[in-house]
Amino acid sequence: MKTRRRSLRKSPQTPAATGSEMFHCSDCGESFTKSHHLKDHKRIHTGKKPLYCRQCGKSFTCQSHLQQHERVHTGEKPFLCTQCGKSFTCQSNLQRHERIHTGEKPHHCSECGKSFTLQSNLRRHQRIHTGEKPYHCGQCGKRFTCQHTLHQHLRIHTGEKPYLCAQCGKSFSVQSTLLQHERIHTGEKPYHCGQCGKSFTQPWTLQRHERMHTGQKPYYCGQCEKSFTCQSNLQQHLRNHKRIHTGKKPLYCRQCGKSFTCQSHLQQHERVHTGEKPFLCTQCGKSFTCQSNLQRHERIHTGEKPHHCSECGKSFTLQSNLRRHQRIHTGEKPYHCGQCGKRFTCQHTLHQHLRIHTGEKPYLCAQCGKSFSVQSTLLQHERIHTGEKPYHCGQCGKSFTQPWTLQRHECIHTGQKPYYCGQCEKSFTCQGNLQQHLRSHTREKPYHCGLCGKSFSIRSNLQQHLRIHIKSEPRHFQQPRKQKPSVSIYLGFQKPGFSFT
């Protein structure tokens with residue numbers, strides 16, 4: 001045995017080069033090319049940790065682990081990324097970081113094909129398919145797919161928030177939440193979309209955004225087969241699954257009694273009563289009750305329109321606007337008025353139309369007291385008092401009170417005419433002009449004079465015609481000069497949804 005030890009010290013450390021045998025672990029059978037590697041490995045089985053940190057007393061099985069740990073105290077980060085200059089305490093962390101720049105994801109899921117930069121992330125992901133949750137909380141029994149999430153969860157019970165922001169002093173229970181928070185102070189957005197160039201503070205926010213371009217919805221509900229772009233939406237759907245299908249809404253607002261299926265919707269609603277708007281736009285200072293509204297608003301500043309029409313190529317900031325637009329091409333009008341039978345492409349327009357029949361005008365101007373049936377019309381009216389013109393043309397700098405007025409104006413610069421006549425293929429810059437043109441084919445004249453019965457296809461022509469009657473009236477039938485005569489008294493019929501007042 002003594003001779004064997006001497007031969008290990010004197011012989012070269014690479015048995016492959018000399019033809020000598022490998023060094024095998026008698027406990028698990030793992031093989032090593034160097035004797036000191038086997039020696040370090042055996043400490044895993046014995047639990048022996050003979051190397052101690054002089055700063056904190058923590059013990060380690062091998063020298064390399066001790067050296068890596070000591071850099072926590074010294075602050076030394078000798079491994080530098082050549083792409084962004086970020087430094088790391090160990091080489092393996094640098095290698096993992098470099099995959100952010102290269103986009104390399106070498107670990108693939110055999111179930112859904114999703115790729116990952118780290119094998120540990122792949123193992124954690126595979127538990128979504130298997131349903132395995134091996135880590136459980138001893139206090140509440142909740143189970144988790146990974147140990148790290150369990151440790152974070154335990155801080156809910158202990159109230160521990162060990163991660164402190166050096167800028168504002170706010171503390172966090174999770175380190176990643178601190179890093180995300182610090183970007184509010186620094187303004188850093190290191191994750192960029194390759195399609196539209198938009199930047200994000202977190203990698204998963206970028207991944208969720210990229211699905212807008214691809215249309216991918218990788219998270220499926222096993223009960224109703226509904227799919228989602230992100231896991232959090234699926235989890236929320238699963239929690240409220242029974243309530244969605246049964247219609248049960250067990251959560252009530254204490255102020256107005258309105259009911260909701262989930263807590264987050266109730267919290268968002270309660271801000272209507274409290275006036276709280278915690279989500280702030282850094283560009284213009286406008287605040288919102290929920291984060292999704294802020295994200296939609298930010299597209300006004302960035303000009304981002306990620307949803308594209310496959311028919312005409314027009315882009316939209318919201319997917320709901322794209323769906324509504326596509327009905328122009330399909331001709332679909334699924335919403336109809338029960339009183340007059342008129343049909344509409346979206347439910348919101350139907351609700352507005354119904355107020356013509358009821359006469360309801362719930363939106364009141366605080367400046368002059370004038371009321372409106374449509375909220376957008378009130379907002380447009382209020383800009384008369386404020387003089388605000390928030391929508392600017394990037395070509396000539398002209399400002400507008402409404403976004404669609406800007407869009408119509410931009411067609412002057414681009415020459416775009418997206419509205420086509422199906423009969424003669426003539427094109428128009430706005431839908432109103434197309435509708436007016438279509439009457440030249442149908443011979444429809446919906447505007448009638450109540451005095452002589454003459455009909456017109458255009459409202460402005462009727463208004464011009466009415467002036468003939470006003471001028472030809474006997475003096476004693478005319479109203480005093482100071483009072484403006486009401487045009488509506490001469491109208492026998494009006495186009496549905498139209499009012500001169």
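**Basis of the description**

The model is predicted: local features need pLDDT of at least 70, side-chain atom pairs count only at pLDDT 80 or more, and totals for chains, interfaces and linings use all residues. Residues are numbered from 1 along each chain as its sequence is written, and side-chain values use heavy atoms, with hydrogens and water left out.

**Overall make-up**

The chain holds 19 helices and 33 strands. Helices (H or I, at least four residues) and strands (E, at least two) are DSSP runs numbered from the N terminus. Of the 501 residues in the chain, 23% are buried. Here buried means under 20% relative accessible area, exposed means over 50%, and partly exposed lies in between (1.4 Å probe, protein chains only). The chain exposes about 35000 Å², of which carbon and sulfur atoms supply 47%. These accessible areas come from the Shrake-Rupley method with a 1.4 Å probe, and for residues only the protein chains shown count as cover. Among contacts with a separation of 6 or more, 8% join residues 24 or more positions apart; a contact means heavy atoms within 4.5 Å.

**The largest nonpolar core**

In soluble globular proteins, nonpolar side chains tend to be buried together. The largest nonpolar core in this model has five residues, namely Tyr447, Cys449, Phe456, Leu462 and Leu466. Two or more residues of this core come from each of β31 (447–449) and α19 (459–472). A nonpolar core is a set of buried Ala, Val, Leu, Ile, Met, Phe, Trp, Tyr and Cys residues joined through side-chain atoms within 4.5 Å.

**Cysteines**

A disulfide is a covalent bond between the sulfur atoms of two cysteines. The structure holds zero disulfides, the criterion being a pair of cysteine sulfur atoms within 2.5 Å. The cysteine sulfur closest to that of Cys396 belongs to Cys393 and is 3.7 Å away, which is too far for a bond. Cys396 is partly exposed, with a relative accessible area of 44%, whereas Cys146 is buried at 8%.

**Helix α3**

Helix α3 has 12 residues (35–46), and at 1.5 Å a residue these should span 16 Å; the end C-alpha atoms are 17 Å apart, which agrees. The expected span is 1.5 Å times one less than the number of residues in the helix. Leu38, His41 and Arg43 are buried in α3. The cover over the buried residues of α3 includes β1 (23–24) and β2 (31–32). After α3 comes Gly47, with a positive phi near 80°.

**Loop residues and a buried histidine**

Most residues other than glycine have a negative phi, and most peptide bonds are trans. Glu425 has a positive phi, near 65°, and Arg443 likewise has a positive phi near 65°. Glu425 sits in the loop between β29 (419–420) and β30 (427–428) and is exposed, at 66% relative accessibility. Arg443 occupies the loop between α18 (431–442) and β31, and its relative accessible area of 67% makes it exposed.

His437 is part of helix α18 and counts as buried, at 14% relative accessibility. Leaving aside residues up to four places away in sequence, His437 touches Cys421, Cys424, Lys426 and Phe428.

**Salt bridges**

Side chains of opposite charge can pair when their charged atoms come close. The count comes to 11 salt bridges, each defined as a side-chain nitrogen of Lys or Arg within 4 Å of a carboxyl oxygen of Asp or Glu. The table lists some of them.

| Residue pair | N to O distance |
|---|---|
| Glu160 and Arg155 | 3.9 Å |
| Lys198 and Glu304 | 3.0 Å |
| Glu276 and Arg271 | 3.8 Å |

Lys198 and Glu304 form a salt bridge. This pair links distant parts of the chain, 106 residues apart: Lys198 is in the loop between β13 (191–192) and β14 (199–200), and Glu304 is in the loop between α13 (291–302) and β21 (307–308). Glu304 is buried, at 8% relative accessibility.

Glu276 is partly exposed at 42%, and Arg271 is buried at 18% relative accessibility. Salt bridges that share partners also join Lys198, Arg299 and Glu304 into one network.
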